[in-house]
Protein chains: 2
Amino acid sequence: MGQQRTLALDAMGGDHGPEVIVPGAAISLERHPGLSFILVGDEARIAPVLAAHPALAARSRIVHTTQVVAMNEKPSQALRRGKGSSMWLALDAVRTGEAAAAVSAGNTGALMAMAKLILRPMKGIERPAIAALWPTINAECIVLDVGANIGATSRQLTDFTLMGAAMARALFHVERPTASLLNVGVEEVKGAEEVKEAHALLKAVELPLDYRGFIEGNEIGQGKVDVVVVEGFAGNIALKTAEGTARQIGQYVKDAMMRTWLSRAGAFLARGGFRVLKEKIDPRRINGGTFLGLNGIAVKSHGGTDALGFASAVDLGYEMSVSGLIERLAADLETFHHRLDTVSEAPRQEGTAPAPGS
Amino acid sequence: MGQQRTLALDAMGGDHGPEVIVPGAAISLERHPGLSFILVGDEARIAPVLAAHPALAARSRIVHTTQVVAMNEKPSQALRRGKGSSMWLALDAVRTGEAAAAVSAGNTGALMAMAKLILRPMKGIERPAIAALWPTINAECIVLDVGANIGATSRQLTDFTLMGAAMARALFHVERPTASLLNVGVEEVKGAEEVKEAHALLKAVELPLDYRGFIEGNEIGQGKVDVVVVEGFAGNIALKTAEGTARQIGQYVKDAMMRTWLSRAGAFLARGGFRVLKEKIDPRRINGGTFLGLNGIAVKSHGGTDALGFASAVDLGYEMSVSGLIERLAADLETFHHRLDTVSEAPRQEGTAPAPGS
């Protein structure tokens with residue numbers, strides 16, 4: 001194990017900049033000794049932190065820039081002004097092939113906009129998506145889109161399914177990942193037409209995945225499928241709601257254990273169990289949204305995370321880059337877009353002619 | 001305390017029928033001695049269960065019907081065939097004024113469709129919504145729409161906000177409830193135009209509530225506001241995702257406590273704390289979605305709940321009916337629809353003329 005890969009890190013991104021990015025990279029390097037890094041940002045700030053991590057320093061080179069995309073900058077502003085920023089240069093290193101993936105804890109909207117512009121959507125992909133790893137009872141699943149776009153056509157949902165399956169293949173090492181569309185339980189509710197149409201497409205076409213139909217929100221964490229597909233508004237809300245609920249229940253547990261001296265004593269005895277629990281629900285363990293559908297890998301870390309959390313995002317970038325994900329997905333899209341087109345055009349040919357102007 | 005109110009219960013609804021509905025009503029009657037009931041359903045099945053609850057029997061009358069809406073029946077089927085069913089007759093008792101609210105654990109889609117047909121939307125309301133009580137760190141908040149419809153216009157979102165505020169006023173006894181629109185964090189993302197428009201409307205118009213702007217999914221459970229407004233697809237997914245996550249973390253806690261004999265011993269000592277925790281996250285404690293925006297109160301209980309859970313739904317129907325919610329909401333709608341209309345038409349008058357056909 002341990003393939004050689006160079007990752008480009010936006011050293012200025014996130015709430016803390018190099019003070020978190022550099023130690024985070026050092027942690028990930030210990031886990032993946034084949035890693036090397038391009039650290040993009042202000043050399044005067046990076047170099048002193050890097051000096052404290054000699055093993056990392058030996059595997060890193062700094063690309064200096066003082067330009068930074070602010071956390072509150074609008075994507076359109078960032079695109080206009082952000083050329084030459086640490087975020088831009090990290091993504092550009094992926095475009096030129098110098099880096100196998102870029103990782104940034106910076107402004108999500110700006111990163112998405114820049115990644116689209118620099119790396120470009122893959123052939124046939126109308127919209128890239130952000131995929132998140134979601135902890136389940138048994139392991140993890142992939143949920144997408146968690147906020148790259150709002151709304152999705154049936155065709156975009158089927159593309160997301162192919163994209164998520166490629167990521168599952170890369171990370172979970174299963175050849176035919178299971179996948180479901182996230183839907184609401186109420187039958188015959190009006191409006192989710194695009195979800196129903198995507199369901200019909202996914203059932204009709206032979207794809208390199210095992211499509212399992214609809215699931216509901218409460219089933220995501222049960223680990224029923226490897227890939228859960230939903231448009232980005234509901235997907236983002238689901239992800240954040242799950243994070244909030246986990247924190248809320250964690251707080252309830254703490255409060256319940258602090259109630260009486262007896263429960264405090266019990267909690268002390270059970271501290272080994274609580275430590276395991278804390279690790280299990282530690283949001284730093286799984287950190288990183290991945291942009292899928294671009295000609296290159298870009299990973300977004302939580303902005304407020306610490307070094308341990310940033311290391312998880314770096315790990316994700318590494319695992320994605322060693323997997324050949326992009327090449328395989330490109331091949332899948334070529335094969336299956338043709339099949340999807342055939343099927344989605346069929347009803348039109350069979351049905352009555354569309355009304356003029358419709 | 002303890003106002004007189006008659007509720008109509010669909011005694012055949014849910015997975016268990018009278019065996020859960022009748023004991024559930026008995027529990028709620030103990031809490032609210034002013035309650036009386038119309039139990040709608042098969043007398044041959046209701047009477048024997050009712051005989052075991054003499055206090056309830058003294059406050060109940062059975063309306064006999066053998067017709068039942070099946071849990072898997074489609075709303076359109078239920079509407080065609082369901083006249084005279086236990087669900088239908090319970091709702092009809094609200095229409096005629098015999099009952100102050102109807103409660104059913106039956107098929108959600110059918111209940112929604114029937115409630116709309118029988119109780120009719122309030123004047124000016126295009127779409128009723130389903131509101132859920134959501135446990136927060138400090139108390140509860142109201143989230144709507146959790147699945148009556150998919151998608152919502154900006155005007156419908158502002159109506160939902162007024163409806164949710166009326167419910168908060170009724171249940172939380174605050175005169176100016178705080179309210180927020182649920183949104184995704186990424187700025188300038190394309191597509192949530194209707195959410196942004198609703199935001200502008202709610203800021204521009206003086207309403208009987210304290211509008212606090214956007215919140216994200218992770219903030220719902222923090223109890224920042226009394227009312228959280230979102231269209232029904234994302235709202236349903238958020239609600240179910242939160243339920244699933246709470247169950248998942250509960251499972252993690254159990255597993256962590258069973259790991260070693262020491263943690264088991266600790267958990268035993270802390271069992272008082274765990275009991276409090278279990279009660280706190282018990283889904284039966286808060287059970288019941290309310291249809292808002294109709295000329296009458298209809299409460300939907302979880303189909304699979306037990307007597308204790310059904311009692312929570314009956315409690316909700318009672319609290320809603322003693323609050324004068326419908327009358328107050330009708331008055332609010334009359335006042336504020338006019339203001340909303342004035343504001344939402346303003347930009348059109350000021351701007352350029354719309355293109356023909358737009």
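**Entry 1: how the copies meet**

I began with the interface of this predicted model. Of the interface residues of chain B, 100% are also interface residues in chain A, so the copies meet through the same surface. Next I looked up how one copy is laid on the other. A turn of 180° and a shift of 0.0 Å along the axis bring chain B onto chain A with an RMSD of 0.0 Å. I noted this as the relation of a two-fold axis. Which residue of chain B comes closest to the rotation axis? I found B:G266, whose C-alpha is at 1.8 Å.

**Entry 2: the domains of chain A**

I turned to chain A and its division into domains. Domain 1 takes in 1–122 + 294–322, and domain 2 is 126–292. I looked up the distance between their centres over C-alpha atoms and got 25 Å. To the contact, domain 1 of chain A gives 21 residues and domain 2 of chain A gives 16 residues.

I then checked the area. The size of an interface is often given as the accessible area lost when the parts come together. Domain 1 and domain 2 of chain A bury about 1,600 Å² between them, and 63% of it is on carbon and sulfur atoms. Which residues of domain 1 lose the most area to domain 2? I wrote down A:M112, A:L316 and A:M320, which together make up 32% of what that side of chain A buries. I also looked for salt bridges between the two domains of chain A, and the count is zero.

**Entry 3: the sheet in chain A**

I traced the strands next. Chain A has an open sheet of 11 strands with mixed pairing, and I read its order as β3-β2-β1-β4-β11-β10-β5-β6-β9-β7-β8. Which strands of chain A stand at the edges? They are β3 (60–64) and β8 (210–215) of chain A, each with a single partner strand, so one side of each has no neighbour in the sheet. Neighbouring strands of this sheet are turned by 25° against each other on average, direction ignored.

I picked one pair to follow up close. Strand β10 (residues 289–292) and strand β11 (residues 297–300) of chain A run antiparallel and are joined by three bridges. For A:T290, I found A:V299 in β11(A) as the bridge partner.

**Entry 4: over to chain B**

In chain B I also found an open sheet, made of 11 strands with mixed pairing. Do they run parallel or antiparallel? They pair in the parallel sense, over four bridges. One partner I noted is B:A298 in β11(B), which bridges to B:A102.

I also followed helix α5 (residues 86–95) of chain B. This helix lies across β1 (5–10), β2 (35–41), β3, β4 and β11 of chain B, and α5 runs at about 160° to β1(B).

**Entry 5: charged pairs**

Side chains of opposite charge can pair when their charged atoms come close. Searching the whole structure, I got 28 salt bridges over all chains. A:R31 lies in helix α1 (residues 18–31) of chain A and A:D315 in helix α12 (residues 307–322) of chain A, so the pair ties together parts that are 284 residues apart in sequence.

Methods:
Residues numbered from 1 in each chain as written. Chains lettered and ligands numbered in written order. Predicted model: local features only at pLDDT ≥ 70, side-chain atom pairs only at ≥ 80, totals over all residues. Heavy atoms only, no water. Least-squares fit on C-alpha atoms with pLDDT ≥ 70 in both. Contact = heavy atoms within 4.5 Å. Pairing = 2+ DSSP bridges. Helix = DSSP H or I, 4+ residues; strand = E, 2+ residues; numbered from the N terminus. Axes fitted to C-alpha atoms, helices over the stretch in contact; angles between N-to-C directions. Domains from an automatic or database assignment. Buried area = accessible area lost by both parts, 1.4 Å probe. Salt bridge = Lys/Arg side-chain N within 4 Å of Asp/Glu carboxyl O.
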